[in-house]
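Okay, thanks everyone for coming.

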Amino acid sequence: MKSKRESNARFRLVLTLGLAVVLPALTLIFVNFQHVKSIQRDKKVEALIHRDFQYVLTIAAKKITSRAYEMTERVRDGFPADTDSDDEKRRKLDLLVSQNPWATYVFLFDSKKGIILQQQRDRMDDKEAAESAKMYTGWFSLEGPYLCEQMRKKSKPIIWYSGETDRPSGGTVYASTAIFSFPQFGRDHTVLGGVSFDPKYLKQTFFPELLDQLTSQTFTSDTGPNAQGFHELMPQEAIEHPDQKLAFMVYPADALKSEPDRPMVLSTGWGSGKPEVTYKLDDPFRGLALGIKFQGTTAEAISRRWVWQSFLILGVLSVLMIGGLVLTYRSVNKQVALARLKSDFVSNVSHELRTPLALIRLYAETLELGRITTQEKKNEYYSIIRKESERLTALINNILDFSRIEAGGKEYDFRETDIAELVRNTLDSYRYQIEQQGFALEEHIDSGIPPLKVDREAIARALVNLVNNALKYSNNEKFLGVKLYRDQSVLKLEVSDRGIGIERHEQSRIFEKFYRTCDPLVHNTKGSGLGLSLVRHITQAHGGDVEVESTPGRGSKFTLSLPLVNQTT
């Protein structure tokens, strides 16, 4: 019946833990697991990174465009006035070329006066300059008015002509030329100016400087839509990413597939490989494209690492949850078992108290009624009443000692004591009970043991508890052995019997409070389960220890070891 109640209590405990803790926790972990799987499946991490990459490239393209326009407008503002003489115009154009080494040449076309073109002579010879001047003259003579009309519609009166060209000296270079008008002239008077970016300057200075500025930034809250970076963009995905350096590439827009190894400019840290996201540039560098990627890693690698970390965290949380549930179950189960032991303890103690009290009452009433006439029989009854009173006193003392120990208020009175005499006197007081139960008592007490500081009452109680256990749990062969001897600097008190013995796996637990072994004889014999717990506490309080050697069916031997050099005061 009791086992069934315990099983029901454990079942209710498991059910409560399952419904209140395990089920919600497992549901949360499962939902998060599926969420991470969906992120992995749909490549959401890569998509978010690529979205930010696209934004970064857009900003980079705006910076490049703004820089090119700024340089061009600064040159346009330095162009000569219409009232200047041709020589003054040439001088001012030549000054513009010398002040702006990034320009291959500048020119001024006037439909009424012709064209003036001034070049960087170390980059363009007179023959090339003459051919360019001739080309612009023919072009502007035909389409000059149309170009001016187109520029009047723009917020900035500048148009660009860009692309890869073949150099006379061999090879292909990328060049960009800005052509601008002057609003002060009427529709019937075509005046156009222009400046051409030096291909070498673009490749070695212009783009590298801008890309270095971009790579000096990290992919954090300084970048991303609405000034939100990688950390800010993905809180809903619970993604945390360390500051990551970017790398950029400028290349001909049609060359990535056909000639992937022909970049125009690479930023620091690019390494090798293709860009993750590309962005085609518009004027003033139409025909070029920007590429971007992480330095030393890829968006796919970051996604894999994040997914792995997420699964790892979920796994650790699952293990911690299971571990916590196991510990909680064991703790609660232990408390349930302890409550059961306490209940058994109350029941057993009640029986232990009831038995001596019933005997005392029985013999006292018999004597009181005068039914015993012989003095010898009266003395026997008096002796039984005294013995049962001593047994009752010992039980109550055990309970009181245990109560004091549990409350932390147990104090010992250490006094110098003849330990051999103490053992003899204790055995003498129990000799009658031992003989009455048919036990053969074998004593070996070394009389040469020096006095020792102990609590007499506590040591006597420890010995009595061991003797009582031997008397209770000896079934067939009734033998009790008590041995007191000196082993170098240690005093040893042995109590042995030839009783039921103790299983090896239970020998470490018999000193726990309320614990009783699984042997049927133990459970059929009433007891409090406190005796051995008190023995251990008393021995340890004296600076010693207690050990047990036992073989099931062949008996047990308990050994109390006390240091002869006792420092306890």
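Before I start, one definition: the expected span of a helix is 1.5 Å times one less than its number of residues. Keep that in mind for helix H4, residues 126–152. And just so it's clear, this is a predicted model.

So, H4. It has 27 residues, and a straight helix at 1.5 Å a residue would reach 39 Å, but the end C-alpha atoms here are only 33 Å apart. Where does H4 bend? At Glu-143, by about 70 degrees, and there's a proline, Pro-145, following within four residues.

Now, which residues of H4 are buried? Going along the helix, you have Ala-129, Ser-132, Ala-133, Tyr-136, Trp-139 and Phe-140, then Gly-144, Leu-147, Cys-148 and Met-151. The cover over those buried residues includes five strands: E1 (103–110), E2 (114–119), E3 (158–166), E4 (172–181) and E5 (191–197).

Ser-162 sits 14 residues away along the chain, yet the two C-alpha atoms are separated by 4.1 Å. If you skip the neighbours within four places in sequence, Ser-176 is in contact with Trp-160, Tyr-161 and Ser-162, with Val-195, Ser-196 and Phe-197, and with Pro-284 and Phe-285.

Pro-284 deserves a stop of its own. Asp-283 and Pro-284 are joined by a cis peptide bond, with omega at about 10 degrees. You'll find Pro-284 in the loop between strand E8 (277–280) and strand E9 (288–294).

Next, a helix pair. Helix H11 covers residues 456–472 and helix H13 covers residues 531–541; their axes come within 9 Å and cross at roughly 145 degrees. The crossing of H11 past H13 is left-handed. Who's touching whom there? From H11 it's Ala-458, Ile-459, Ala-462, Asn-465, Leu-466 and Asn-469, and from H13 it's Gly-531, Leu-532, Leu-534, Val-535 and Ile-538. Sorted by type, the residues of that contact come out as 8 nonpolar, 3 polar and no charged.

H11 also contains Leu-471, which is buried at a relative accessible area of 6%. Its contacts, leaving out neighbours within four places in sequence, are Gln-433, Ile-434, Gln-437 and Phe-439. For Gly-438, 33 residues from Leu-471 along the chain, the C-alpha to C-alpha separation is 9.6 Å.

For another leucine, go to helix H8, residues 299–368, where you'll find Leu-317. Leu-317 has 43% relative accessibility and counts as partly exposed. In sequence Leu-317 is 292 residues from Ala-25, but C-alpha to C-alpha they're 9.5 Å apart.

Finally, zooming out to the whole protein. We have 13 helices and 16 strands. Of the 569 residues, 44% count as buried. And if you take contacts with a separation of 6 or more, 66% of them are between residues 24 or more positions apart. That's my tour, over to you.

How values were computed. Residues numbered from 1 in each chain as written. Predicted model: local features only at pLDDT ≥ 70, side-chain atom pairs only at ≥ 80, totals over all residues. Heavy atoms only, no water. Axes fitted to C-alpha atoms, helices over the stretch in contact; angles between N-to-C directions. Helix = DSSP H or I, 4+ residues; strand = E, 2+ residues; numbered from the N terminus. Left-handed = near helix turned anticlockwise from the far one by under 90°. Contact = heavy atoms within 4.5 Å. Nonpolar A, V, L, I, M, F, W, Y, C, P; charged D, E, K, R; others polar. Bend = angle between axes of the 7 residues up to and from the residue. Buried < 20%, exposed > 50% of the residue type's maximum accessible area, 1.4 Å probe, protein only.
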